[in-house]
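Dear colleague,

Please find below the structure that I am handing over to you. My notes on what was found in it follow directly after.

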Amino acid sequence: MADKFVMVVSEGSFDKAMMPLIMGTTAASMGMEVHVFYTFFGLKLLKKGVRPKLKGMMSLFTGMIEKKMKKLNIPGYDEMMQQAKDLGVNFYACSTSMALMGVEQSDLADGVKVLGASAFLNIAADSKVQLFIG
Amino acid sequence: MHGSDNTAGEIPLDKDATLDARGLMCPMPIVQLAKKVKEMNSGQVLELLADDVGSKEDVPAWTSRTGNQLLGMEEEGKAFKFYIKIK
């Protein structure tokens with residue numbers, strides 16, 4: 001059976017958006033089963049058409065870093081998200097965070113499953129690697 | 001870009017396919033490698049070209065993790081050549 005790798009994402013800034021996708025696509029490419037749970041400010045990363053920004057005052061420079069990434073041939077957020085989905089990475093939205101942030105299921109990108117903490121912990125309980133991104 | 005005048009490698013191996021991942025940065029060489037290997041058959045040899053400096057550690061980690069065999073690696077200037085036998 002494939003080793004399981006789980007991540008919890010609780011922040012929605014640019015770096016916190018990219019990290020789980022980089023780790024997730026890599027782990028899936030290594031044959032691991034990947035599950036990512038988005039909660040609190042991380043939740044917005046699962047919304048349709050989202051464009052993650054750098055944190056705080058740095059948000060003004062988001063376009064610059066996007067340009068630099070393009071120049072370096074580093075895939076952007078949307079492309080990485082698609083890659084991750086193609087590789088079978090599982091994405092979960094925290095149901096309580098959805099209520100708290102006023103996010104509806106229809107706001108979420110395709111393929112995202114809504115879960116509570118208990119269901120996620122059931123998935124995570126026999127995982128080999130766990131990362132918290134927040 | 002890289003020239004096509006790469007000298008023949010010291011590892012005299014027959015390869016069945018080549019994946020040129022030069023110009024791609026982590027994690028894309030590994031993601032593309034995994035996709036390519038899925039298309040190939042057991043026992044075939046893939047030549048992987050990469051110039052992300054992390055590849056030197058990442059590719060051996062990937063092969064040991066996935067059970068594919070790393071037959072050899074060469075450094076050519078800033079690029080690496082890996083020879084991978086598909087499990």
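In helix 1 of chain B, the buried residues are B:Met28, B:Pro29, B:Ile30, B:Val31, B:Leu33, B:Ala34 and B:Val37. A residue is termed buried if 20 or more other C-beta atoms lie within 10 Å of its own, exposed if 12 or fewer do, and partly exposed in between, with C-beta atoms placed from the backbone. Helices (H or I, at least four residues) and strands (E, at least two) are DSSP runs, numbered from the N terminus. The buried residues of this helix pack against helix 1 and helix 3 (77–86) of chain A, and also against strand 1 (17–20), strand 2 (45–50) and helix 2 (55–66) of chain B. Contact here means that the C-beta atoms of two residues, placed from the backbone, lie within 7 Å. Helix 1 of chain B has 12 residues (28–39), which should span 16 Å at 1.5 Å a residue; its end C-alpha atoms are 17 Å apart, and this agrees. The expected span is 1.5 Å times one less than the number of residues.

This is a predicted model, in which local features need pLDDT of at least 70 and side-chain atom pairs count only at pLDDT 80 or more, while totals for chains, interfaces and linings use all residues. Residues are numbered from 1 along each chain as its sequence is written, and chains are lettered from A and ligands numbered from 1 in the order in which they are written.

On confidence, the predictor assigns the complex an ipTM of 0.86 and a pTM of 0.89. The mean pLDDT of chain B is 89, and 85% of the residues score at least 70; pLDDT is the predictor's confidence in each residue, from 0 to 100. Over residues 1–9 of chain B the pLDDT is below 50, and this stretch has 5 contacts in the model beyond near neighbours in sequence. Among the elements of chain B, strand 1 has the highest mean pLDDT (98) and strand 3 (residues 69–76) the lowest (95).

Chain B contains 2 helices and 4 strands, arranged along the sequence as β-α-β-α-β-β. Of its 87 residues, 26% are buried. Among contacts in chain B with a separation of 6 or more, 64% join residues 24 or more positions apart. Strand 3 of chain B runs antiparallel to strand 4 (residues 79–85) of chain B, and 7 bridges join them; two strands count as paired if DSSP finds at least two bridges between them. B:Glu76 has B:Ala79 in strand 4 as its bridge partner. The hairpin of these two strands has 2 residues between them, and B:Gly77 takes a positive phi near 65° there.

B:Asp16 lies in the segment before strand 1 of chain B and is partly exposed, with 13 other C-beta atoms within 10 Å. Leaving aside neighbours within four places in sequence, B:Asp16 is in contact with B:Met40, B:Gln44, B:Val45 and B:Leu46.

Chain A has an open sheet of 5 strands in the order 4-3-2-1-5, with parallel pairing. Strand 4 (113–115) and strand 5 (129–133) of chain A each have a single partner strand, so they stand at the edges and one side of each is left without a neighbour in the sheet. Strand 1 (residues 4–9) of chain A pairs with strand 5 in the parallel sense over 5 bridges, and A:Val9 has A:Ile133 as its bridge partner in strand 5.

The contact between the chains takes 11 residues from chain A and 11 residues from chain B. Helix 1 (residues 14–29) of chain A supplies the largest share of the side of chain A that touches chain B, namely 4 residues.

Some backbone details deserve a separate note. Most residues other than glycine have a negative phi, and most peptide bonds are trans. The peptide bond from B:Cys26 to B:Pro27 is cis, with omega near 10°, and B:Pro27 is found in the loop between strand 1 and helix 1 of chain B. A:Phe40 has a positive phi near 45° and is placed in the loop between strand 2 (33–38) and helix 2 (62–71) of chain A. A:Asn73 has a positive phi near 70°; A:Asn73 lies in the loop between helix 2 and helix 3 of chain A and is exposed, with 12 other C-beta atoms within 10 Å.

Yours sincerely
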